[in-house]
Amino acid sequence: MSVFRFEPFHDPAREFNRLMSMAASGSRAPLGMPLDVYRGDDGSYHVQADLPGVDPDSIEVTVDSGTLTIQATRTPSYGESEQVIVAERSQGSFGRQLSLGEGVDSDNLTAQYADGVLHVTIPVSPRSQPRRVEITHTTGGGRTISGNTVEQGNAPAPSTGDAG
């Protein structure tokens, strides 16, 4: 599974300011939607995206052609008439996309949002889960393969090619 950033409505001036700030401070500013992806004991994949302050009704999770897309919108809590002194929290529409790859059951994804964290569970397809193959033993009707028996310490006599 690969993860890449997708922000269709991102402000280029804001991105430039963020990059300049990162270069000046030597630190990396947090993403608008930081996430963790891990694999559970049962083989399913889990995605946890931090979305504090996001209206749950603005969150959209979709799957299309093997790509999981998470989109959300964070609106400011202040109005246009109010004077903003510092605005460091990401605002506006943003999203992330993950390429799901083979072996996942994209029809049975589940998503939960609680305490500012979106948790998406991606189950593994039953066909792709490891399984043990049962070996049956039968008596009679078996196939016999004949060959030379070599006693320990004795090498078989070389064949001369004469049949007769």
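Two strands are taken to pair if DSSP finds at least two bridges between them, and strands (E, at least two residues) and helices (H or I, at least four) are DSSP runs numbered from the N terminus.

## Basis of the model

This is a predicted model, in which local features need pLDDT of at least 70 and side-chain atom pairs count only at pLDDT 80 or more, while totals for chains, interfaces and linings use all residues. Residues are numbered from 1 along each chain as its sequence is written, and side-chain values use heavy atoms, with hydrogens and water left out.

The predictor's confidence in each residue, pLDDT, runs from 0 to 100; its average over the protein chain is 77, and 63% of the residues score at least 70. Confidence is lowest in strand β1 (residues 2-6), with a mean of 51, and highest in β8, with 96.

## Overall architecture

The protein chain contains 1 helix and 8 strands, and from the N terminus on its elements follow the order β-α-β-β-β-β-β-β-β. Of its 164 residues, 24% count as buried, a term that means under 20% relative accessible area, with exposed meaning over 50% and partly exposed the range in between (1.4 Å probe, protein chains only). Where contact means heavy atoms within 4.5 Å, 55% of the contacts between residues at least 6 apart in sequence join residues at least 24 apart.

## The β2-β3 hairpin

Strand β2 (residues 35-39) and β3 run antiparallel and are joined by 5 bridges, with Tyr38 standing opposite His46 in β3. The two strands form a hairpin with 5 residues between them, and in the turn Gly43 has a positive phi of about 95 degrees.

## The nonpolar core and Leu118

A nonpolar core is a set of buried Ala, Val, Leu, Ile, Met, Phe, Trp, Tyr and Cys residues joined through side-chain atoms within 4.5 Å. The largest one has 19 residues, and those with the most contacts inside it are Val47, Leu51, Leu68, Leu118, Val120 and Ile122. The elements that give two or more residues to this core are β3 (45-50), β5 (67-74), β6 (92-99) and β8 (117-122).

Not counting residues up to four places away in sequence, Leu118 touches residues including Val47, Leu51, Ile59, Val61, Ile70 and Tyr113.

## Thr110 in strand β7

Thr110 lies in strand β7 (residues 110-114) and counts as partly exposed because its relative accessibility is 44%. Leaving aside neighbours within four places in sequence, Thr110 is in contact with His119, Val120 and Thr121; Val120 is 10 residues away from Thr110 in sequence, and their C-alpha atoms are 5.6 Å apart.
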